[in-house]
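Trainee: I have a new structure on my screen. Can you show me how to read its features, one at a time?

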Amino acid sequence: MAKTAIRGSISLKNKDQLALMREAGRIVAQTLALTESAAIPGVSTAELDRMAESHIRRSGAKPSFKGYHGYPATLCTSLNEEIVHGIPSPSRVLRAGDLLKIDCGAIYRGWQGDAAVTVVVGGSTNGAVKLVEATRESLDRGIARVQAGGHVSDIGEEIETYARSQGYEVVRKYCGHGIGRSLHEEPPVFNFGPPGEGPLLRPGMVICIEPMLNAGTGETEELEDGWTVRTADGKLSAHFEHTVAVTQDGPRILTLP
Ligand code: MF3
Ligand code: CO
């Protein structure tokens, strides 16, 4: 999400509400798995979007991005130097070696799930895989910092430190977010420190953690379509996201199949 969009206070979810968010998260994870395996050379991003929408509706849920501030699709599909919010199109046909970011949100009985993955189309090519693995690892390390009593910015500090150690820059202009009945709730979850700042993590909070790592500069540009965000220097970017609940026993990832 963009930096300034959040309004309101942090909501805490009870057990029943978390169970519904888990269902939303499961549907999102299944949709990502389905589209990820369909993302082969020759397939357009619009075809992936159609598959995603029909899977979500078949599961008794609704796409959450479609219509959000006028966004036209179920998925965000961002290629190569595109970071996030790429719009699926019949003219964007996947080629071997493309770095594809798939971002998906679903609403199940009023509750939201939101997650993203990066895939290398047609299997591995060397440089890109290291960036993808570092981004996935930065998300895992950020999630491990989800501990009641810690601060939200401890997560960002962990992500930024790991990204830098691998030679990558984090995107600063876009961030993760709280989630619940709305896609974007308080608090913002930045991908950088310093630690020990921002709200305390409390059981019942649910947040989306979404590191965006760039091979070159962390600076971004927005395209004329009003949505697509790309790297300012045209170098590659990768993105992973999970919806995570804070529990007494640590993090609980809701967007697993
Ligand atoms: N995961 C993205 C986010 O948190 C998806 C938003 S795309 C939009 O910002 F189209 F819905 F805005
Ligand atoms: Co998100």
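Mentor: Start at the tip of a helix. N14 caps the N-terminal end of α1. A side-chain oxygen of N14 sits 3.1 Å from the backbone nitrogen of D16. Keep in mind that this is a predicted model.

Trainee: Now the metal. Which residues coordinate the cobalt ion (ligand 2)?

Mentor: Look for the atoms that donate to the ion. Here they come from D114 (OD), H177 (NE2), E210 (OE) and E241 (OE), at 2.1 to 2.3 Å. Along the chain, the donors follow the spacing D-x62-H-x32-E-x30-E. D114 lies in strand β5 (residues 111–120) and H177 in strand β7 (residues 176–178), so this pair ties together parts 63 residues apart in sequence.

Trainee: Are D114 and H177 buried or exposed?

Mentor: Read the relative accessible area; under 20% counts as buried. D114 has 3%, so D114 is buried. H177 has 0%, so H177 is buried too.

Trainee: Why is the arrangement around the cobalt ion (ligand 2) called irregular?

Mentor: Check the angles between donors. The six donor atoms subtend angles of 65 to 168 degrees, which makes the arrangement irregular.

Trainee: Next, the sheet. In what order do the three strands of the open sheet lie?

Mentor: Follow the pairing from strand to strand. The order is β6-β10-β13, and the pairing is antiparallel. The edge strands are β6 (169–170) and β13 (237–239), each pairing on one side only. Two bridges join β6 to β10 (residues 212–214). Take E169 as a case: its bridge partner in β10 is N214.

Trainee: How many disulfides does the structure hold?

Mentor: First, the idea. A disulfide is a covalent bond between the sulfur atoms of two cysteines. This structure holds zero disulfides. Take C104: the nearest cysteine sulfur, that of C76, is 9.3 Å away. C104 counts as buried, at 0% relative accessibility.

Definitions and conventions. Residues numbered from 1 in each chain as written. Chains lettered and ligands numbered in written order. Predicted model: local features only at pLDDT ≥ 70, side-chain atom pairs only at ≥ 80, totals over all residues. Heavy atoms only, no water. Pairing = 2+ DSSP bridges. Helix = DSSP H or I, 4+ residues; strand = E, 2+ residues; numbered from the N terminus. Disulfide = S-S within 2.5 Å. Buried < 20%, exposed > 50% of the residue type's maximum accessible area, 1.4 Å probe, protein only. Polar contact = N/O pair within 3.5 Å; in protein donor to acceptor, adjacent residues only side chain to side chain. Donors = N, O, S within 2.8 Å, 3.2 Å for Na, K, Ca; no water. Tetrahedral: all angles 85-135°; square planar, octahedral: opposite > 155°, others 65-115°.
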